[in-house]
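Work through the exercises below with the model open. Try each task before you read its solution.

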Amino acid sequence: MRIAVTGSIATDHLMTFPGRFADQLVADQLHTVSLSFLVDNLDVRRGGVGANICFGMGQLGTRPILVGAAGSDFDEYRAWLDRHGVDTNSVRISEVLHTARFVCTTDADHNQIGSFYTGAMSEARQIELQSVAERVGGLDLVLIGADDPEAMLRHTEECRTRGIPFAADFSQQIARMSGDDIRTLLEGAKYLFSNEYEKGLIESKTGWSDEEILGKVDYRVTTLGSRGVRIERVGEGAIEVGCPEEDAKVDPTGVGDAFRAGFLSGLSWGVGHERAAQVGCMLATLVIETLGTQEYQLRRAHFMDRFTKAYGTDAADEVRTHLS
């Protein structure tokens, strides 16, 4: 399968302040705050949901197509993704804006002050999926992930118009979207991805019940945190897959993106939904054991040993042929 992933491309600039923000605030001067913090550490990490998902798929050897917008400062990030099996030739490079950036300072009490600069991400709405399809010889599935909201709407409409199957994945953008936008983005989707909290938010904002939403998509994929994932379809029994045992729980950031990467890779291989979900859960476990969304290493033998322990020999035999 030729799978394109649309979504944000960003870098995270994470700093640590050894003191407490609260100690620097003067109660009767909060209306005119002017503060500067001398920080101890600066950690720059690659991120963005589109790039995170594609990185995971590249690790699994499925050559995903990243569709998004970045700035002229994207060269080093592009080289990293290219080296890890991602097709970045459909990334739009802005002539005037930097790549999206999250800048965050965390104090000793784990309070945070952060800013998100959308930058070039706002130009994602100018990307035509038809040009991507023509370049690669057609698209079998487009995952529409969190991105510039206007881009998400336009990509969805283009998929419908051109008859390209698509997966709806709102994630971080769901909080700012209206019920009308959410209804537009999910109706007719091949897959609808969300976690449990987002599932309830989708139902609340759209005014549609669980059953009504299930009737408007082919498959509803709901991640359940440490309990794994549930896959539902009208008229069929739900598929539930648990998570492998963690060696350590270091950082949950990017776990959902890793699950999607594994699941989409399973679809690309042509394995069933249960097996695809197992691959997704295994990859998500590697991410939760690592600090950073793209810092894990997928060593085939290690991956298969843990996969076999979690899901059995038959499941492992089916997956191993694709990983090798």
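This is a predicted model: local features need pLDDT of at least 70, side-chain atom pairs count only at pLDDT 80 or more; totals for chains, interfaces and linings use all residues.

**Exercise 1. A bridge across the sequence**

Task: Which parts does the pair Arg260 and Asp169 tie together?

Solution. Step 1: The side chains of Arg260 and Asp169 form a salt bridge of 2.7 Å, N to O. Step 2: Arg260 lies in helix 8 and Asp169 in strand 9, so the pair ties together parts 91 residues apart in sequence. Helices (H or I, at least four residues) and strands (E, at least two) are DSSP runs, numbered from the N terminus.

Step 1: Compare the burial values. Arg260 is buried, with a relative accessible area of 5%. Asp169 is buried too, at 3%.

**Exercise 2. A bridge within a helix**

Task: Locate the salt bridge between Glu203 and Lys199, and say how many residues separate the two.

Solution. Step 1: The closest N and O atoms of Glu203 and Lys199 are 2.8 Å apart. Step 2: Both residues sit in helix 6 (residues 196-206), 4 residues apart, which means about one helical turn between them. Step 3: Glu203 and Lys199 are both buried.

Step 2: Now look at linked bridges.

**Exercise 3. Two buried aspartates**

Task: What does the side chain of Asp87 make with the side chain of Arg135? Then turn to Asp257 and find the nearest side chain of opposite charge.

Solution. Step 1: Asp87 is in strand 5 (residues 87-93). Asp87 is buried, at 8% relative accessibility.

Step 1: The side chain of Asp87 makes a polar contact of 3.1 Å with the side chain of Arg135. A polar atom of the Asp87 side chain also lies 3.0 Å from the backbone nitrogen of Asn89. A polar contact is a pair of N or O atoms within 3.5 Å; within protein, one must be able to donate a hydrogen and the other to accept it, and residues adjacent in sequence count only if both atoms are side-chain atoms.

Step 2: Asp257 is in helix 8 (residues 255-269). Asp257 is buried yet has no salt bridge. Its nearest side chain of opposite charge is Arg260, 5.3 Å away. Lys and Arg count as positive, Asp and Glu as negative; His and the chain ends are not counted.

Step 3: Beyond four places in sequence, Asp257 touches Val49, Asn52 and Ile53. Contact means heavy atoms within 4.5 Å.

**Exercise 4. Positive phi**

Task: Is Ser171 buried or exposed? Where does Arg63 lie?

Solution. Step 1: Ser171 has a positive phi near 35 degrees, though not a glycine. Ser171 lies in the loop between strand 9 (166-169) and helix 5 (179-186). Ser171 is buried, at 14% relative accessible area.

Step 1: Arg63, also not a glycine, has a positive phi of about 50 degrees. Arg63 lies in the loop between helix 1 (49-59) and strand 4 (65-70). Arg63 is partly exposed, at 47%.

**Exercise 5. An open sheet**

Task: What is the strand order of the open sheet of 4 strands?

Solution. Step 1: The order is 3-2-6-7, with mixed pairing. Strand 3 (41-47) and strand 7 (112-117) are the edges, each pairing on one side only. Two strands pair if DSSP finds at least two bridges between them.

Step 1: Strand 2 (residues 10-16) and strand 6 (residues 100-106) run parallel, joined by 7 bridges. His13 has Val103 in strand 6 as its bridge partner.

Conventions: Residues are numbered from 1 along each chain as its sequence is written. Side-chain values use heavy atoms; hydrogens and water are left out. Buried means under 20% relative accessible area, exposed over 50%, partly exposed in between (1.4 Å probe, protein chains only). A salt bridge is a side-chain nitrogen of Lys or Arg within 4 Å of a carboxyl oxygen of Asp or Glu.
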